[in-house]
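Here is a friendly walk through one model, with a few packing details to look at on screen. Have the viewer ready and follow along.

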Amino acid sequence: MQKYRVAQWATGVVGSASLRGIARHPKLELVGVKVYSDAKVGRDAGDIAGIPATGIIATQRVDEIVALAPDCVIYCPLPWDLGEMCRLLEAGIHLITPCPYWFPFVQNPSVAQEITTACRKGQVNFHASGCNPGGIAERFPLTFTGWCNRIDRIKMTECGDCSTYSSEGVMRNLMNLGRTPKEASENPLKAMLARSWYEPIDMIAAGLGSEVVSYEAKHDFILAAEPIETAVGIIEPGTIALNNYQHIGMTREGTEIIQEQIWYVDDISQSRLQSKMQIPRESGWRIALEGDVNLNIDVDFPSELTQDQRVAQGLSTTAFHMVNAVPIVCEAANPGMKTFLDLPMITGCMGTHTTPR
């Protein structure tokens, strides 16, 4: 059985889960690890990921990773670097990432062209994957449209209590939690975020054989009524404790496609907020299709898991979706950007399942 040589780029929560997935996957061989923290340099990848030693030592040097000539890099830094991505592609290394560019042909055509040019130069493929976007937002809804004939609306909703989420950058800069309404309205990431959510909308439309003719962005929020403790500090009264984004696209045929996020830092009762909104579920995702067939598909983790465990497993789905895509992306013909519309079904693969001691 052919094994693909893989390097892991960045070892945060998602990157570390990816490391564990690579080590277990029977078709993959870990050959390198790129880290950013001085404290991780020189450490074994297994030590970083909490698994047995791998013999692979972490480095901060980009040249060292390129010199390894891996078949594929799983690229997970935040923020990401387009120039860095293109350098890897031009060096003949396939690249899989949870970073944006899931379907950039409409929202970011210049970026799409830059990545495509790099892929062709290196004769390799680029694939953006993940969880949401990267699965819930486009791959899974398109699958369920096969059960329908007339489709009036497709809506993907992500919701959940984020109070145990430990990334301050994501919580405050992306989710606006703990920001004032003025800070949220002036958030420099708003335009980037809109483009990021319009990409899966564009992909769904393309998958349906159509195109989006109009876009709309809606932003609503609820303020904290009292101090709320979170993993990244106190959400103060009068700052945002529930953030609700909706990004909407209308197709040529009149199908409405909605990407919605409801992120909050309270329980489902919202008793510590200044007001309440209807939340479809306590946590997880809902895919809703309306038309001649009406479907609600709920995706969640077992109720017996703690909130910390749910967050960890949610981030692991992002990592494992990328890991499982490596053989398919490496084998795909015609070098270039590969979306879910270009690739066969990505499935898990039975690897080694060693019980931790």
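Which side chain meets glutamate 290 in a salt bridge? In this predicted model, the partner is arginine 153, with an N to O distance of 2.7 Å. Glutamate 290 belongs to strand β12 and arginine 153 to strand β6, so the pair ties together parts that are 137 residues apart in sequence. The count of salt bridges comes to 15.

Next, the sheet. Six strands form an open sheet in the order β2-β1-β3-β4-β5-β14, and the pairing is parallel. The edges are taken by β2 and β14, each with a single partner strand, so one side of each has no neighbour in the sheet.

Now for a pair of helices. The axes of α1 and α10 come within 8 Å and cross at roughly 45 degrees. The crossing of α1 past α10 is right-handed.

The residues that make this contact are set out here:

| Helix | Residue range | Contact residues |
|---|---|---|
| α1 | residues 13-24 | Val13, Val14, Ala17, Ser18, Gly21, Ile22, Arg24 |
| α10 | residues 307-331 | Leu315, Ser316, Thr318, Ala319, Phe320, Met322, Val323 |

Sorted by class, the contact of α1 with α10 has nine nonpolar, four polar and one charged residues.

Note on methods. Residues numbered from 1 in each chain as written. Predicted model: local features only at pLDDT ≥ 70, side-chain atom pairs only at ≥ 80, totals over all residues. Heavy atoms only, no water. Axes fitted to C-alpha atoms, helices over the stretch in contact; angles between N-to-C directions. Helix = DSSP H or I, 4+ residues; strand = E, 2+ residues; numbered from the N terminus. Left-handed = near helix turned anticlockwise from the far one by under 90°. Contact = heavy atoms within 4.5 Å. Nonpolar A, V, L, I, M, F, W, Y, C, P; charged D, E, K, R; others polar. Pairing = 2+ DSSP bridges. Salt bridge = Lys/Arg side-chain N within 4 Å of Asp/Glu carboxyl O.
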